[in-house]
Structure formats: C-alpha cells, structure tokens
Amino acid sequence: MSESQQLWDDVDDYFTTLLAPEDEALTAALRDSDAAGLPHINVAPNQGKLLQLLAEIQGARRILEIGTLGGYSTIWLGRALPRDGRLISFEYDAKHAEVARRNLARAGLDGISEVRVGPALESLPKLADERPEPFDLVFIDADKVNNPHYVEWALKLTRPGSLIVVDNVVRGGGVTDAGSTDPSVRGTRSALELIAEHPKLSGTAVQTVGSKGYDGFALARVLP
C-alpha cells in the first residue's frame, strides 16, 4: 500500500467514525457480501452517507438504483425514504440479488424496496411500461459501458428537479483519454458528454480519493 493510499484510508476512517458510523445492519451487509464472494466494489461508508443525505435533501419518495450488488448502497438510500416510499434496484446477477434481499430485510427495508434481476437495459423498458410515478433520485452504479443508456433512461423515468448520480466516472484518470479503447472509459465519457449537452440536464463531476482509491462521481439535475 502506498503512503498516499494509507493517508486516504486514515482520513476516510476518521470521517466515517465521526460522521457515518456503521451499525449492525450495514456491517452485516458487508460481511455477508464478503462471505458470498461478491466483489469489493461497494461504496465506502462516507459515500453511502452522502447518498442518503442527497436523497434526504431531495425529499425523495421514490428512488431507482441501477446496480445493487449486495445492497449496501441500497440500505443507505432506503433509509432516506419515508415509510410509504419506494426503492427499486436492478441487479444483473441473481446470486448478488439474493444476498441484497437478505441484507435489505435485515435492515428492515424489505417492505419498501424491491430488487429486480436481469440486464438493466431489459428491466428498464419493462419498468417504463408500468408507468410508475417519476423517480426523485436515480443512482447509477452498474456496467460503465452502458452509462449513457442508463442516463437516457433515468431522464425518461424522472421529473424536473430529480437528481441523477453516476458513480465511478474517473476510471483512474482514463476518462481524459479521448482515444481510449476501454469500453468503460468510452461509456463514461459518453455519459458525461450527454449530461453536458442535454438541454434538460445540468450537471458536474467531482474527483474523490479515499478508501476506494482514486475515483469520482457525476451529479446531474433534471431541468424543466
């Protein structure tokens, strides 16, 4: 581990302990995800708290998440919702989805959350066919190659004033390479360009360092 990474870890530990302490449900969610062999790509605790705060600031009643993994970020988001709120999360892998459902039930969120299994680009049109109420917040944290498609669907399923958050947009700095052949970089750049150019979106992107290394996220508001 580099000296810089150790410092980032120490700062994140301090922030988390002081401002975003985990409880048994969150700790157990990570433990069970590890036991099931899920990849260690969940958001950090202070990042999860940021998602919760964004949803609370938004006054969110309906949240859409694209990319559930073990449900760790889903728990943070679900805790921002009122009792009659609704959270729908899409997960490609059925094994991951089952772990997430158990974690959400343990956290007492199974009554307001639903994990749907399958490719998100197949699940999103089905969701649209249900004519759901617009989502107040969309969190995109799935396969990066399809990020522009996810942003486009988020626009269709939200309303003016809704918030769209896209995770992992820095790609280790690779996002600056216009000639990159990496599908994740190309997908991320396309999503950022869509946010920049779309007349109904106003957004920005922020670099971050921490226990998850060097990364960042994009944040966009849906305009009238």
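Tutor: Just after H6 in this predicted model, Arg131 takes a positive phi of about 50 degrees. Most residues other than glycine have a negative phi. Arg131 lies in the loop between helix H6 (120-129) and S4. With a relative accessible area of 75%, Arg131 is exposed.

Now to the helix itself. Which residues of H6 are buried? They are Ala120, Ser123, Leu124 and Leu127. Viewed down the axis of H6, these buried residues fall within an arc of 105 degrees, so they line one face of the helix. Lys126 and Asp129, on the other side of H6, are exposed. The partners of the buried residues of H6 are S1, S2, S3, S4 and H7, against which they pack.

Strands of a sheet pair through backbone hydrogen bonds, either parallel or antiparallel. Both kinds can be found here. S1 and strand S2 (residues 86-91) run parallel and are joined by five bridges; in this pair, Glu65 stands opposite Ser89 in S2. S1 and strand S4 (residues 135-140) also run parallel, joined by four bridges, and here Ile66 stands opposite Ile140 in S4. An antiparallel pair is formed by strand S5 (residues 158-167) and strand S7 (residues 213-222), with five bridges between them. Phe217 in S7 is the bridge partner of Asp167.

S1 is worth a separate look, as one of the strands that the buried residues of H6 pack against. Is S1 enclosed or open to the outside? Five of the five residues of strand S1 (residues 62-66) are buried, so S1 is largely enclosed by the rest of the structure. In a regular strand the side chains alternate between the two faces of the sheet. On one side of S1 are Arg62, Leu64 and Ile66, on the other Ile63 and Glu65, and all of them are buried, so that both faces of S1 are covered.

S1 is also part of a right-handed β-α-β unit, which it makes with helix H4 (residues 72-78) and S2. The loop between S1 and H4 holds Leu69. Leu69 is not a glycine, yet it has a positive phi of about 55 degrees. Is Leu69 buried or exposed? Leu69 is buried, at a relative accessible area of 14%, whereas Arg131 is exposed.

Asp34 belongs to helix H2 (residues 24-35) and is partly exposed, with a relative accessible area of 43%.

That leaves H7, the helix among the partners of the buried residues of H6. Helix H7 (residues 147-156) packs with helix H8 (residues 183-197) at an angle of about 35 degrees, and their axes are 7 Å apart. From H7, the residues in this contact are Asn147, Pro148, Val151 and Glu152. They meet Gly187, Thr188, Ser190, Ala191, Leu194 and Ile195 in H8. By type, the residues of the contact of H7 with H8 divide into five nonpolar, four polar and one charged.

Thr176 sits in the loop between S5 and H8, and at 66% relative accessibility it counts as exposed. From C-alpha to C-alpha, Thr176 and Arg189 are 8.3 Å apart in space, and they are 13 residues apart in sequence.

Notes:
Residues numbered from 1 in each chain as written. Predicted model: local features only at pLDDT ≥ 70, side-chain atom pairs only at ≥ 80, totals over all residues. Heavy atoms only, no water. Axes fitted to C-alpha atoms, helices over the stretch in contact; angles between N-to-C directions. Helix = DSSP H or I, 4+ residues; strand = E, 2+ residues; numbered from the N terminus. Contact = heavy atoms within 4.5 Å. Nonpolar A, V, L, I, M, F, W, Y, C, P; charged D, E, K, R; others polar. Buried < 20%, exposed > 50% of the residue type's maximum accessible area, 1.4 Å probe, protein only. Pairing = 2+ DSSP bridges. Right-handed = clockwise from strand over helix to strand, strands pointing away. Arc of directions from axis to C-beta.
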